[in-house]
Amino acid sequence: MKFGKRIRSEAVESWGEHYVDYKGLKHLLKPLVTNGCPSEGEDEFSNAIIAEIEKVDRFFACKELELYTEFRNLCEEVSRTRLDNHPPAQCTSLDKLVGALDGTAAGSVIRTFLSFSGRVDSMRKFIMMNTLAVVKITKKHDKQSARQLQWDMVAAVHKRHFYNSQRFGSLITDIEVLASQIMYRLTGSKPHPESYSCPICLGILCNPVVLSCGHRFCMKCVSAASYFCQTSCPVCRKEQILDMETIKVDSLLSHFLDRYFPEGQSGVKQCKTCAFRQCNPDSSDGPRRRLPCEECTFQVMESLEEMQEATLDHHLKEAQSKALVDPSKPVAAKPEGG
């Protein structure tokens, strides 16, 4: 399917006029190429693309505010609703719970939640389709013109709020958190640790940060990525602004992790100092708070530096550095009675 037909077929009908006018841009491009790409025509075409990008950005800003307001109202509704109906054991997802709880207050809340989740997913696709539209139309132009536009136009997209909104990325995560809480209250099924682990250090998220793409990392791991001048998501490679002055911990996700994955049971890998604090809460240092210590952060920085060279083995590196042994030599066994 050609992209022009694809964007029309996948567009949300009520949002149709807010998508990039891919067909209109193609109509502008055709006479431009036919006439030998004069400079005034090139300027008109590039200005038209910028206008489309700004149109998308304005619509996204309005919808993002609406979605966040709706999400707050949904959270309040969930907190007011009794969710102790104990549905059948085979109901392992919210989609299945809707049928089992049909006609109940809990079932109504779940329907509202699923509808809202669908709209957020539509907005995620809206971002993807409009970004792709700019890439496609500038690629068509650059094949037929000496003036190359794609680099500048894609850079313009990357600077817009709809592309790099961390708030929207957090909303995607917050929806997942709310879904897990609903499932737990209805079925007693706890969330899986694998769903809330950091892709870099592989432990349960600590001081979680959510990027605009929706991928989640520990604050200390993002700090390390920023230290090494990484400018994209370590998972999907989407361009990101990893500025530690603007990146904030997701408070809802952080509270969720504190409740369902308390340290000591979550499998979080700690340095010896933090492990001692956890086992000795009455010590002068006190229990470990959900903040990375300098020692742990240093170890993650080392593992990220190695990841740049295609090596990711943080836990082994930490064990070797703490034991102060040569990695190439086996650790000597402790003699009996020594």
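**Helix packing and selected residues**

Analyst: Happy to! H5 and H8 pack with their axes 11 Å apart, at an angle of about 155°. Axes here are lines fitted to C-alpha atoms, for helices over the stretch in contact, and angles run from 0 to 180 degrees between N-to-C directions. H5 is therefore roughly antiparallel to H8; angles under 35 degrees count as roughly parallel, over 145 as roughly antiparallel, 65 to 115 as roughly perpendicular and the rest as oblique.

User: Before we go on, what kind of model is this, and how is it numbered?

Analyst: It is a predicted model, where local features need pLDDT of at least 70 and side-chain atom pairs count only at pLDDT 80 or more, while totals for chains, interfaces and linings use all residues. Residues are numbered from 1 along each chain as its sequence is written, and side-chain values use heavy atoms, with hydrogens and water left out.

User: Thanks. Back to H5 and H8: which hand does the crossing have?

Analyst: The crossing of H5 and H8 is left-handed. A crossing is left-handed if the near helix is turned anticlockwise from the far one by less than a right angle, and right-handed if clockwise.

User: And which residues make the contact?

Analyst: On the H5 side they are Ala106, Ile110, Phe113, Phe116, Ser117, Val120, Met123, Arg124 and Ile127, and on the H8 side Phe168, Leu171, Ile172, Ile175, Leu178, Ala179, Ile182 and Leu186. Contact means heavy atoms within 4.5 Å. By class, the contact of H5 with H8 has 15 nonpolar residues, one polar and one charged. For these classes, Ala, Val, Leu, Ile, Met, Phe, Trp, Tyr, Cys and Pro count as nonpolar, Asp, Glu, Lys and Arg as charged, and the others, Gly among them, as polar.

User: Nice. How do H3 and H6 pack?

Analyst: Helix H3 (residues 39-80) and helix H6 (residues 150-158) have axes 10 Å apart and an angle of about 20°, so H3 is roughly parallel to H6. Their crossing is right-handed. Ser46, Ile49, Ile50 and Ile53 of H3 meet Met153, Ala156 and Val157 of H6. In this contact of H3 with H6 there are six nonpolar residues, one polar and no charged ones.

User: How many helices and strands does the chain have?

Analyst: The chain has 13 helices and two strands. Helices (H or I, at least four residues) and strands (E, at least two) are DSSP runs, numbered from the N terminus.

User: Let's switch to single residues. Is histidine 141 buried or exposed?

Analyst: Histidine 141 is buried, with a relative accessible area of 1%. Buried means under 20% relative accessible area, exposed over 50%, partly exposed in between (1.4 Å probe, protein chains only). Histidine 141 sits in helix H5 (residues 105-144). Leaving out residues up to four places away in sequence, histidine 141 touches Leu29, Leu32, Glu42, Phe45, Arg147 and Leu149.

User: Where does arginine 147 lie?

Analyst: Arginine 147 is in the loop between H5 and H6 and is partly exposed, at 35% relative accessible area. Beyond its neighbours within four places in sequence, the contacts of arginine 147 are Ser39, Glu42, Asp43, Ser46, His141 and Asp142. The C-alpha atoms of arginine 147 and glutamate 42 are separated by 8.0 Å, although the two are 105 residues apart along the chain.

User: What about threonine 173, what does it touch?

Analyst: Not counting residues up to four places away in sequence, threonine 173 touches Val210, Gly214, Arg216 and Leu253. Threonine 173 belongs to helix H8 (residues 166-187) and is buried, at 1% relative accessibility.

User: Which way does phi go at leucine 202?

Analyst: Phi of leucine 202 is near 70°, a positive value in a residue other than glycine. Leucine 202 is in the loop between H8 and strand E1 (208-210) and counts as exposed at 56% relative accessibility. Asparagine 207 also has a positive phi, near 50°; it is in the loop between H8 and E1, but is buried at 8% relative accessibility.

User: Last one: where does pLDDT stay under 50?

Analyst: It stays under 50 over residues 264-271 and over residues 284-316. pLDDT is the predictor's confidence in each residue, from 0 to 100. The chain averages a pLDDT of 74, with 69% of the residues scoring at least 70. Where pLDDT is low, the predicted coordinates should not be read in detail.
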